[in-house]
Amino acid sequence: MKVILLNGSRREQGCTYTALTEVAKPLQQSGIDTEIIHAVPTDEVVATVAEKLKTADGLVLGSPVYWASPSGEMVTFMDKLAAAAGAYLPHKVGAAVTSARRAGTTATLDVLNKYLQYHQMIIASSNYWNMVHGNTPAEVQQDKEGLQIMHVLGQNMAWILKCIEAGKKNGIAAPKSEPKVMTNFIR
Ligand SMILES: Cc1cc2nc3c(=O)[nH]c(=O)nc-3n(C[C@H](O)[C@H](O)[C@H](O)COP(=O)(O)O)c2cc1C
């Protein structure tokens, strides 16, 4: 099994990356492969991630808070990825995490979670909302509660992935996706 973790920061190895690394550790300890990808919103990187999502079992969206929202880079990336790979996401396991100096975390998580919810993903949770605080990786390392949140999230995600795998082996298939009804509020 494999989980893709997207880092939507301009900084390839900053605070968001630090948080994602903490989510990845318990996944790896459970025998699940992980790959942290810098989500630069070029068509090339989007296509690479889309290809990987065909076979991946889980997806973690990570973004710093920029102006009380996800980074513009992450929103652009996800808008493109939803078009390119939305069909590969239903009934896979998803989670969203964020990093901030201080505020805007819950609004950021709300935006990121919408991509997971629309695509019928099974959303893993932790023992708090999935955020770390800091302006540098060293500061994030001091946020012991934030690190625990990421760790517990990774553990819970691993458990859900194994439950789904066990279910499949025992004949419990995911529901068949229905054709989408879109009424645009008019007709
Ligand atoms: C353009 C920009 C806007 C930011 N806006 C906020 C904000 O609204 N609230 C906040 O708490 N931190 C804000 N920050 C700080 C970052 O969220 C924080 O440093 C984060 O941990 C950086 O993660 P990264 O190292 O993965 O980029 C902002 C940073 C930048 C560069």
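Two strands are taken to pair if DSSP finds at least two bridges between them. Helices (H or I, at least four residues) and strands (E, at least two) are DSSP runs, numbered from the N terminus.

1. Basis of the note. This is a predicted model, in which local features need pLDDT of at least 70, side-chain atom pairs count only at pLDDT 80 or more, and totals for chains, interfaces and linings use all residues. Residues are numbered from 1 along each chain as its sequence is written.

2. Pairing of β5. In β7 (residues 131–133), Met131 is the bridge partner of Thr98, and the pairing of β5 with β7 is parallel, over three bridges. Strand β3 also pairs with β5 in the parallel sense, over seven bridges; here Ser63 stands opposite Thr98. A further parallel pairing, over two bridges, joins β5 to β6 (residues 122–123), where Ile122 stands opposite Val93.

3. Burial of β5. Eight of the eight residues of β5 are buried, a residue being buried if 20 or more other C-beta atoms lie within 10 Å of its own, exposed if 12 or fewer, and partly exposed in between, with C-beta atoms placed from the backbone. In a regular strand the side chains alternate between the two faces of the sheet. Both faces of β5 are covered: one side carries Val93, Ala95, Val97 and Ser99, and the other Gly94, Ala96, Thr98 and Ala100.

4. The ligand has 18 residues around it, of which Ser9, Gly14, Cys15, Thr16 and Pro64 come nearest; a residue is near a molecule if its C-beta atom, placed from the backbone, lies within 6 Å of it. The elements giving two or more residues to this shell are α1 (15–29), β3 (58–66) and β5 (93–100). Strand β3 gives the most, with three residues. By class, the shell has eight nonpolar, seven polar and three charged residues. For this count, Ala, Val, Leu, Ile, Met, Phe, Trp, Tyr, Cys and Pro are nonpolar, Asp, Glu, Lys and Arg are charged, and the others, Gly among them, are polar.

5. Helix α3. The 14 residues of α3 (residues 72–85) should span 20 Å at 1.5 Å a residue, and the end C-alpha atoms are 19 Å apart, which agrees; the expected span is 1.5 Å times one less than the number of residues. The buried residues of α3 are Met74, Phe77, Met78, Leu81 and Ala85. They lie on the same side of α3, because they cover an arc of only 95 degrees around the axis, the arc being that of the directions from the helix axis to the C-beta atoms. Their packing is against α2 (43–53), β3, β4 (69–70) and α4 (105–118), where contact requires C-beta atoms, placed from the backbone, within 7 Å.

6. Helix α6. With 26 residues, α6 reaches 38 Å from its first C-alpha to its last, close to the 38 Å expected. Its buried residues include Gly146, Ile149, Leu153 and Leu161. The buried residues of α6 pack against β1 (2–7), α1, β3, β5, β7 and α5 (137–142). After α6 comes Gly171, whose phi is positive, near 80 degrees.

7. Ser177, in the segment after α6 (144–169), counts as exposed because it has 11 C-beta neighbours inside 10 Å. Lys114, in helix α4, has 13 such neighbours and therefore counts as partly exposed.

Notes
Contact = placed C-beta atoms within 7 Å.
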